[in-house]
Amino acid sequence: MFYVGKMRIGGIVKREPSVPEGKATVEIQVKGCNFKCSYCKHYELAYNGFLDRTADISETIVISYLMRARQTHSTVIITGGEPTLYEDLPDFLSEIKALGLKVYVKTNGTNPLMLKKIIDKKLADHIFLAIKSDLTAADYSTVSGVLSDVYLESVLSSVSIVRDSGVSHSFCTRPLIGTITEEKLTELSSVLGGDEKVPNELVSELTKEYLQAN
Ligand code: SF4
């Protein structure tokens, strides 16, 4: 799935310094998402029914804001919504990188082709990939709010692409309490590539919490 036309941007948020250089970060929030996670913090940007209730911010405004902000900001985080759904994402990232800013991309991993394109063109300095649940289609569907057989395959492709890319990256996940088991978490840990992602202690802790609560 791709959104055609220009990227739709719903928010620009300045974050306090959280990167090593000590400069502030700008978060650019893209409209539209192919998931409907129940815990979505930006549902007003992500869910289709809300997209047209707020004005879009043009790319021209975003770029001119960044031109002024680059003295005090070092990094731009592109988040959502789901940025990889937009065909013109690479062009947009190129414009930001041309300003000398670092680009971090947050994604739900459902568009591995776009992620590969971004990585091949060296347009991301860091990728955050959100794994929505353990790796069963049923649990993925529950968390993401959409039927996930195909999406889960795409997410797994994205995990491989990002894991093997050599690009700085982080995986984050939120196991679905109530269905999680030690086996599922161990599988998730091994697919993500080891200790930095879902540490074994965390697997044990989560499993302990789950077993105690049940
Ligand atoms: S993938 Fe992210 S932006 Fe999309 S609905 Fe889920 S939490 Fe919201």
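View 1. Six strands form an open sheet with mixed pairing, in the order 1-2-3-4-5-6. At its edges lie strand 1 (9-15) and strand 6 (169-173), each pairing on one side only. From one strand to the next, the twist averages 15 degrees. Strands (E, at least two residues) and helices (H or I, at least four) are DSSP runs numbered from the N terminus, and two strands pair if DSSP finds at least two bridges between them. As a reminder, strands of a sheet pair through backbone hydrogen bonds, either parallel or antiparallel. What you see here is a predicted model, in which local features need pLDDT of at least 70 and side-chain atom pairs count only at pLDDT 80 or more, while totals for chains, interfaces and linings use all residues. Residues are numbered from 1 along each chain as its sequence is written.

**View 2. Strands 2 and 3, with a helix packed on the sheet.** Strand 2 (residues 24-30) and strand 3 run parallel, joined by six bridges. Look for I28, which stands opposite I78 in strand 3. Helix 2 (residues 59-69) packs on the sheet and touches strand 1, strand 2 and strand 3; its direction makes about 15 degrees with that of strand 1. Such angles run from 0 to 180 degrees between N-to-C directions, with axes fitted to C-alpha atoms, for helices over the stretch in contact.

**View 3. Strand 4 and its two partners.** Five of the six residues of strand 4 (residues 102-107) are buried (20 or more other C-beta atoms within 10 Å of a residue's own, with C-beta atoms placed from the backbone). Four bridges join strand 4 to strand 3 (residues 73-79) in parallel, and T75 has K102 as its bridge partner.

**View 4. Inside the largest nonpolar core.** This core has 43 residues, and V76, I78, L93, V103, V105, I118 and A124 have the most contacts inside it. A nonpolar core is a set of buried Ala, Val, Leu, Ile, Met, Phe, Trp, Tyr and Cys residues joined through C-beta atoms within 7 Å. Helix 6 (residues 149-163) gives the most to the core, with six residues.

Conventions
A residue is buried if 20 or more other C-beta atoms lie within 10 Å of its own, exposed if 12 or fewer, and partly exposed in between; C-beta atoms are placed from the backbone. Two residues are in contact if their C-beta atoms, placed from the backbone, lie within 7 Å.
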